[in-house]
Number of protein chains: 2
Amino acid sequence: MSKELEQTNRTTISRHSERASYDRGTAYAILDEGMVAHVGFDAGDGVIVIPMTYARLGDEVVLHGAVASRWLSCFATGRHVSVCVTLLDGLVLAQSAFSHSMNYRSVVVFGEATLVTDNEKKGVAFKAFVEHLIPGRWEDSRQPDDKEIEATTVLSVLISEASVKIRSGPPADAAKDLGLGYWTGVIPLGVTAGAPIPDPLMEEDRIIPEYAASYSRGEGV
Amino acid sequence: MSKELEQTNRTTISRHSERASYDRGTAYAILDEGMVAHVGFDAGDGVIVIPMTYARLGDEVVLHGAVASRWLSCFATGRHVSVCVTLLDGLVLAQSAFSHSMNYRSVVVFGEATLVTDNEKKGVAFKAFVEHLIPGRWEDSRQPDDKEIEATTVLSVLISEASVKIRSGPPADAAKDLGLGYWTGVIPLGVTAGAPIPDPLMEEDRIIPEYAASYSRGEGV
């Protein structure tokens, strides 16, 4: 697999092209940090975008989530999708309203989504969904039986035609605006985990596992 | 405008329908808390999903962002889009891997996106983009001149055909799994702002404005 992502007309970033990247490692780091993918496809009555759980399995994105049964048939033979994962890193406050921006890292993948039907691969994907979101949890939960694996919809998309877009750093005001006297800079943003909330149905008080008590995502703010 | 969103075949949530809502007020609260919209459309070479800045203006979503010039023409006469905003509220840890889930609130809007060409309305949208992300900032920055408004692409989508999906609360294990003895519960997630980072090009040290120093989004964790 090439270290560079496949650059096509639709992955070529023409607006703020200085923010574009086609580096596979950069894309993978973003996919590995993200928690939700927004997946767009056309099942016959117009484009729909839905949030889905996902994980990266090598050079594939595997998807899991709200695929209603009425859409499933359209994936059986492959269906074009666009998968987007976006991480928000900050709000960029400039002198001019026009130059306000956000710091972010995003990946857009284009490809054919196909249903994963092999139960062994579905099991591997299942583990990846859990470990992607909560590293350490897979071994500390009841693993799925055959019936649960059968009942789970998994889609796979090869990561080939894709692009990355990143904005980072301070505002970029025009020189003529630098003396206007407003406060300018960046408000960093990150995902934070709060104290775990025990399930009221848990049969006895148990110690919160370390992977939950110290949960964090990304670099923090 | 009806208090209920328009329920059609494609907005009818068939998977976990108990999580669905068609209440306009609920949708608006999610849109007002979100920071990035994922917008899907087909400009002629397959569906693409891109992250965009947005704001709600009454019963419209106005969008702003990475609309490359090669796509602009397709919006001039209206183009079907799907706009999705998702808020992540927590990770749900159940006894069984199968019952792991996420707490979230999401809105999907279907509609025709059209280019806003009226400069007065573009100015209103411009203010909304800034105030939606950073309440208080609009009056504390240089407002756009005619040239900047001309250079800004604004799309508008009427919020009519749309749906809301919400999962909240503790895990929902099958009764047979409740005695398995794993820790179960919810790890709450939220967006957190760090200490503002002053722009190195700011000409003198200025006091960080209160709306930046105390920035928060959502209920926190």
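Let's start with the buried area between chain B and chain A. It comes to about 7800 Å². Carbon and sulfur atoms give 64% of that. Keep in mind that this is a predicted model.

Who takes part? On the chain B side, 95 residues are in contact with chain A. On the chain A side, the number is 96.

Now the polar side of this interface. Between the two chains there are 32 residue pairs in polar contact, with both residues at pLDDT 80 or more. How many salt bridges are there between chain B and chain A? The count is 2. One to look at joins B:Arg142 and A:Asp177. Their closest N and O atoms are 2.8 Å apart.

Which part of chain B gives the largest share of the side that touches chain A? That is strand β9 of chain B, residues 185–193, with 9 residues. And the classes on that side of chain B? We have 54 nonpolar residues, 26 polar ones and 15 charged ones.

Stay with β9, please. Strand β9 of chain A, also residues 185–193, is joined to β9(B) by 5 bridges. The two strands run antiparallel. For one pair to find on screen, take A:Leu189, which stands opposite B:Ala193 in β9(B).

Next, symmetry. In general, a rotation about an axis and a shift along it relate two copies of a chain. What rotation superposes chain B on chain A here? It is 180 degrees, with 0.0 Å of shift along the axis. The RMSD is 0.0 Å. That is the relation of a two-fold axis.

Where does chain B come closest to that axis? At B:Val191, whose C-alpha is 2.4 Å from it. B:Val191 falls within β9 of chain B, residues 185–193.

Do the copies meet through the same surface or through different ones? Of the interface residues of chain B, 100% are also interface residues in chain A, so the copies meet through the same surface.

Last, a look inside chain A. Strand β7 there covers residues 155–158. It pairs with strand β4, residues 60–65, in the antiparallel sense, over 4 bridges. Within that pairing, A:Val62 has A:Ser156 as its bridge partner. Strand β7 of chain A also has bridges to strand β6, residues 101–115. There are 2 of them, and again the strands run antiparallel. Here A:Leu115 stands opposite A:Leu155.

To recap: the copies meet through the same surface, and β9 of chain A is joined to β9(B) by 5 bridges.

Terms used. Residues are numbered from 1 along each chain as its sequence is written. Chains are lettered from A and ligands numbered from 1 in the order in which they are written. This is a predicted model: local features need pLDDT of at least 70, side-chain atom pairs count only at pLDDT 80 or more; totals for chains, interfaces and linings use all residues. Side-chain values use heavy atoms; hydrogens and water are left out. Contact means heavy atoms within 4.5 Å. Buried area is the accessible area (1.4 Å probe) that two parts lose on being put together, summed over both. A salt bridge is a side-chain nitrogen of Lys or Arg within 4 Å of a carboxyl oxygen of Asp or Glu. A polar contact is a pair of N or O atoms within 3.5 Å; within protein, one must be able to donate a hydrogen and the other to accept it, and residues adjacent in sequence count only if both atoms are side-chain atoms. Ala, Val, Leu, Ile, Met, Phe, Trp, Tyr, Cys and Pro count as nonpolar, Asp, Glu, Lys and Arg as charged, and the others, Gly among them, as polar. Two strands pair if DSSP finds at least two bridges between them. Copies are superposed by least squares on the C-alpha atoms of residues with pLDDT of at least 70 in both.
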